[in-house]
Amino acid sequence: NVAVRQRPINYVVEEPPIPITPVQFGTHARLIGYAVTQNGPTATIRLYWQILQPLLPPHHLFIHLDDATGQTLAQSDDVPQTVNGPAPSGSWLPGEFLVTETQITDVALASATASTLQLTIGLYEPATEVRLPTTANGAITGDHVTVPLQP
């Protein structure tokens, strides 16, 4: 017997603590903001998404913690997660507002000041490693978004 449980779906926007100019990933989702909390060497990154359509095949979410030179100090790369568990991109629903939550444990935080660190965020297909293109205000911006760890 296999228990199947649908993840909770939210159609009401949760205002992000740090709003950004929305960045669209392919035709599937817009990143509208984020939040970062730190507890010792662990940073919890919450990303606030407006979903436009499901994303198949399922994609992974990557978050890199980079220093001012662009060197990656720590990273996460996995199926998108919420506080309630996995939220694979194929389960995303049009009109949904989704908050993903990722923890990065970084032993190198002591070597850099938090004000110089940045987060690089993107979505890619694991089998091909092809990233989704990003656009902001209708202009192509690449295949990821970069935001400061602390605005």
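The model is predicted.

## The nonpolar cores

Nonpolar side chains tend to be buried together in soluble globular proteins. Here the largest nonpolar core holds 30 residues. Within this core, Leu47, Trp49, Leu119 and Ile121 touch the most other members. Seven strands are named as giving two or more residues each: strand 1 (18-25), strand 2 (29-39), strand 3 (42-51), strand 4 (60-66), strand 8 (97-105), strand 9 (118-125) and strand 13 (145-148). Strand 3 supplies the largest share, five residues.

There is also a second, separate core of five residues. Its members include Ile32, Ala35, Tyr48 and Val99.

Setting aside residues up to four places away in sequence, Ile121 touches Phe25, Leu31, Leu47, Leu61, Phe62, Ile63, His144, Val145 and Val147.

## Strand 9 and its partners

Strand 9 is largely enclosed by the rest of the structure, because six of its eight residues are buried. Which strands pair with strand 9? Strand 4 is one partner: the two run antiparallel and are joined by seven bridges. Among these contacts, Asp66 has Gln118 of strand 9 as its bridge partner.

Strand 13 is another partner. Strand 9 and strand 13 pair in the antiparallel sense over four bridges. Here Ile121 is bridged to Val145 of strand 13. Val145 is also among the residues that Ile121 touches.

Strand 10 (residues 130-131) is joined to strand 9 by two bridges, again antiparallel. In this pairing, Glu125 has Val130 as its bridge partner. Strands 9 and 10 form a hairpin with four residues between them. In the turn, Glu129 has a positive phi of about 65°.

## A buried threonine

Thr82 sits in strand 6 (residues 81-82). Is Thr82 buried or exposed? Its relative accessible area is 15%, so Thr82 is buried. A polar atom of the Thr82 side chain lies 3.0 Å from the backbone nitrogen of Asn84. Beyond its neighbours within four places in sequence, Thr82 is in contact with Ala87, Leu98, Val99 and Glu101. One of these, Val99, belongs to the second core. Another, Glu101, takes part in a salt bridge with Arg46.

## Salt bridges

Side chains of opposite charge can pair when their charged atoms come close. The model has four salt bridges.

| Pair | N to O distance |
|---|---|
| Arg7 and Glu96 | 2.6 Å |
| Glu101 and Arg46 | 3.4 Å |
| Arg131 and Asp143 | 3.3 Å |

The Glu101 and Arg46 pair links strand 8 with strand 3, across 55 residues of sequence. Glu101 counts as partly exposed at 26% relative accessibility. Arg46 is partly exposed too, at 24%.

Arg131 is partly exposed at 32% relative accessibility. For Asp143, also partly exposed, the value is 28%.

Notes
Residues numbered from 1 in each chain as written. Predicted model: local features only at pLDDT ≥ 70, side-chain atom pairs only at ≥ 80, totals over all residues. Heavy atoms only, no water. Core = buried A, V, L, I, M, F, W, Y, C linked by side-chain atoms within 4.5 Å. Buried < 20%, exposed > 50% of the residue type's maximum accessible area, 1.4 Å probe, protein only. Contact = heavy atoms within 4.5 Å. Pairing = 2+ DSSP bridges. Polar contact = N/O pair within 3.5 Å; in protein donor to acceptor, adjacent residues only side chain to side chain. Salt bridge = Lys/Arg side-chain N within 4 Å of Asp/Glu carboxyl O.
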